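Reader: I would like to learn how to read a predicted two-chain model, feature by feature. Could you walk me through this one?

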There are 2 protein chains.
Amino acid sequence: MPLRFAETATEYHRAPLTIRHLLNGVVAKAGDQRIVYRDRADIDYREFVGRVGRLASLLEAAGATQGMTVAVMDWDSHRYLEAYFAVPMMGAVLQTVNIRLPQPQIAYTLQHAEAEILIVHRDFFPIVEALRSRLPRLKAIVAIMDGAGDALPSWCIGEYETLSAAASPDYPFEDFDENAVATTFYTSGTTGNPKGVCFTHRQLVLHTLAISAPFGASDAAPWIGVGDVYMPLTPMFHVHAWGFPYIATMLGLKQVYPGRYEPATICALRETHGVSYSHCVPTVLEMVLNSAEDRGADLAGWKVTIGGSALTRSLLARGQAHGMRLGAAYGMSETCPVVAVAGRRELPGDEGGAGMPDPLSLAGVSAPLVEVRIADENMNPAPHDGRTRGEVVVRSPWLTPLYTGDRKATDALWRGGWMHTQDIATIDPWGQVQIRDRLKDVVKTGGEWVDSLQLEELVATGEGIAEAAVIAVPDVRWGERPLAVVVAAPGCVPTLDSINLPVDFAIADGRITRYARLDRFAVVDQLPRTSVGKIDKKLLRARYAEDAPSS
Amino acid sequence: MPLRFAETATEYHRAPLTIRHLLNGVVAKAGDQRIVYRDRADIDYREFVGRVGRLASLLEAAGATQGMTVAVMDWDSHRYLEAYFAVPMMGAVLQTVNIRLPQPQIAYTLQHAEAEILIVHRDFFPIVEALRSRLPRLKAIVAIMDGAGDALPSWCIGEYETLSAAASPDYPFEDFDENAVATTFYTSGTTGNPKGVCFTHRQLVLHTLAISAPFGASDAAPWIGVGDVYMPLTPMFHVHAWGFPYIATMLGLKQVYPGRYEPATICALRETHGVSYSHCVPTVLEMVLNSAEDRGADLAGWKVTIGGSALTRSLLARGQAHGMRLGAAYGMSETCPVVAVAGRRELPGDEGGAGMPDPLSLAGVSAPLVEVRIADENMNPAPHDGRTRGEVVVRSPWLTPLYTGDRKATDALWRGGWMHTQDIATIDPWGQVQIRDRLKDVVKTGGEWVDSLQLEELVATGEGIAEAAVIAVPDVRWGERPLAVVVAAPGCVPTLDSINLPVDFAIADGRITRYARLDRFAVVDQLPRTSVGKIDKKLLRARYAEDAPSS
């Protein structure tokens, strides 16, 4: 027999999964709740929803249509949040421009996404001025003056607030196919130009619903409940600020948008508004901790989800010493982004026994509707024994269907019907995914895999070491060998022996293979970082891996 | 421009919203968690998932195919939970048979749903024996002996546990169209035969995700978190036990299934297993409270969602006095069922001021993705002022698309593109829906609407009254008049004046229209109830409304 399908009533309304429905009932239940932008704006949800309508009206007047790309270059703001809703809700595509990319790459992403309308904060006017001639498709630019009284540039059609105030709040948003593209942005890959990913209405709605479940129901005390005050610390241009602005808005939370990330402002906003939930990469956490320690700010009770890259033990311990509650999540640009959440357990501190997972590599357990596997090169699933490694491959309803315009990379991404993350991990019998390495960063030496992230973490704990990165470098005898690139602590001069001290302890304890013992290192003033704050291994490899010291 | 759609990778996997994906990662994160059935079974999630596979294997061996209806007649059990997953996951349709219906109606629903396989608990063997000759489509019956050593009936193909133990746990569940029908059951309407509703995989998955959000993130202390222990107290044949078994399983909670609802067993299971979350209609709550008070059982901290019908103030106060946390939810068979949840506030007790909503009528605020309106007869939306009444009409992705085989009722259900609930409500400026009446139960007297539920509640508080129902009866002069049908408290003889005492107070306070003052009543030994425990107004109307005392 075939599957059974139901006939429907003549006037049956199917209710597609479009972003506008995340706002259903929000004004009713949270109309008086606040959405704050630094000390410059403080609106309630009622006004916010009106402003979403106004933005759509003004964009339509500026020529926006369904299917058109509307790009935004802004710091984290209530206006960005308005664009998160208004642009997709009118059927257009929101491009969240990575403002930290080099100018030529920004131009490339705007061209490639075929952006026709741009909303831009005054801090980025110089970039727009430099690039404008290379963007002939751009037919309207809306300027965000953000309170400054300067004259508007000649090339913009008007100022955001002025246009918004004149536009109608009653834009007639309608339903349409939930598979329409809602957002696009570019991920700086390991080679070549940034790659465009995109997400549909259906995908964003499902991500919002499914990810709010483990964060809400995670524990006796939820990570995110309606009593929480939310402030993003992952930029809004970066994978929808991990999707949390959509979750926070759906739940009707008080939200605080910090603009450009300045540690003093972040700490002040946290105190003034009682921010209780945020998310960020370890670098931002460190920045916040430094600032808080300088000014004696209170961080107790702040729940922060950490992702993007490994959290070191020392950073974890520092956060916990301040009374912060830290938990991990896992994902990437291609995955919308969350696919795993450390649900049940908080990150263990140093007191964790031998059975506890290494906090720096803990990525959590798969979120609802997500299938996570570790697979070998032939896509055979590896056992979940906490030891066997494989590439993390994922299935879920919210993974990017493609790299825009790059068929070859797209098909590689989805080889075998699973999305390839290029992360090497183990999964333990409790489903906890632990990232061990990047596929590109694995050190294969003498037939053994060396855990470059673990080695990095060990080296970083050494005396006289401020920061460390480990990459693989070619070696005639061993195939590859690990190279430690370190930043020395002030006044210290690391030696191979001092660097190897914590590694030797770990080898003696059986925590790492003896092949990990370093036979080479380099000292640098600072480690190069990507636009999202990760150590730029691509650059390190270019610098060291092609001209490595021989063994 | 048209909407933008993304091309996909050659091997892109779309990940449909099918019920099997609610189990993703569950064994990994909750493999050792328990699922308990009375004192008769206690399995972990690992075993549960294996048993889901075994059930599908045994059903396939019994002839089950995609699209076929597999019916279940059982008390609340782990086996029922297995059917919730296994039957839809293999592409078949699960019919949850309302075992409280009269036998001819049970036969009607099995015939109408075209059930070909039946899984039946021994308590219902007499019904099956009586009906079997009228069910020629039925080709296989699986008997649940539930520990009894009796001989199997000749008409069954085997015993559930025996067949399960012999079947393979590795059933190859596959993905398919998320719009395939997953479940069907019958709702006893106000007239004629029960009406069949059905829900698709997509609908059940979305209901599970969206409803877990407000219950998880409702408050600083969530209604449902992973630390909770769940026990249904709404039968599993009734709208998927309000969807909570799917939510509890997705979250990996400990679950306790109480079998047939016996108050002493329920209280004992609650104590033994630390049950912390349940849901039920007020009648079951009362039953539990009576039993707990008899045996001095501890109910403190038990979170219970109340729905299905109005909670009286006295019952609410009794529950709160025991330290229970009570909250309302709103929905019906046609809505999967939850469409509104009392998220932020618990039900207020008697101490509530004038601004507090009437707890007996509070239905909560719309859940994520749900649009709730109150509309007049021409589908014009009424204002959300807390005073203006209208019929509750709903849109959301999880409303039944039809009444099976009843085109006329189906089209009336969806008239104007909204699902009609037949409930009369107000919505206040905070989005709180308050049910005031049933469309069929409104008393229109002298051009005024009288709140039959409010009047009922008032009468019930009167001295000498144990229970009360109010219906409209025809009246030559006024069009309609309210009639109170009351059950007298032991040794009491109600009079019209004694019945009107609390009504007069309410009129004097302006809480109810003076048209509500009763001019007629009837005393009965007990109020008739429907199979799900609601007062059977249909029967009362048949008894009184056609031969009403004249004014």
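Reader: Let us start with charged pairs: which side chains does A:Asp385 or A:Arg387 meet in a salt bridge?

Author: A salt bridge here is a side-chain nitrogen of Lys or Arg within 4 Å of a carboxyl oxygen of Asp or Glu. A:Asp385 and A:Arg387 meet each other in this way, at 3.8 Å from N to O. A:Asp385 is partly exposed at 23% relative accessibility, and A:Arg387 is exposed at 63%. For those words, buried means under 20% relative accessible area, exposed means over 50%, and partly exposed is in between (1.4 Å probe, protein chains only).

This is a predicted model, in which local features need pLDDT of at least 70, side-chain atom pairs count only at pLDDT 80 or more, and totals for chains, interfaces and linings use all residues. Residues are numbered from 1 along each chain as its sequence is written, chains are lettered from A and ligands numbered from 1 in the order in which they are written, and side-chain values use heavy atoms, with hydrogens and water left out.

Reader: How should I read the interface between chain A and chain B?

Author: Begin with contact, meaning heavy atoms within 4.5 Å. By that rule, 87 residues of chain A are in contact with 88 residues of chain B. Then take buried area, the accessible area (1.4 Å probe) that two parts lose on being put together, summed over both. Here it is about 7,000 Å², with carbon and sulfur atoms giving 55%. Four salt bridges are counted between the two chains, and B:Glu178 and A:Arg202 meet in a salt bridge at 2.7 Å, N to O.

Reader: Which element of chain A gives the largest share of the side that touches chain B?

Author: Helix 7 of chain A does, with nine residues.

Reader: What does B:Asn24 touch, leaving aside its neighbours within four places in sequence?

Author: B:Asn24 is in contact with A:Ser366, A:Leu369, A:Val370 and A:Glu371. This residue lies in the segment before helix 1 (26–30) of chain B, and it is buried at 9% relative accessible area. A polar atom of the B:Asn24 side chain lies 3.2 Å from the backbone oxygen of A:Leu369, and one lies 3.5 Å from the backbone oxygen of A:Val370.

Reader: Last topic: what should I look for in a nonpolar core?

Author: In soluble globular proteins, nonpolar side chains tend to be buried together. A nonpolar core is a set of buried Ala, Val, Leu, Ile, Met, Phe, Trp, Tyr and Cys residues joined through side-chain atoms within 4.5 Å. The largest one here has 304 residues, and A:Phe85 and B:Phe85 have the most contacts inside it. Beyond its neighbours within four places in sequence, B:Phe85 is in contact with residues including B:Ile19, B:Leu22, B:Phe48 and B:Tyr246. Another core, of 18 residues, lies apart from it, with A:Val443, A:Ala472, A:Ile499 and A:Val503 among them.

Notes: Helix = DSSP H or I, 4+ residues; strand = E, 2+ residues; numbered from the N terminus. Polar contact = N/O pair within 3.5 Å; in protein donor to acceptor, adjacent residues only side chain to side chain.
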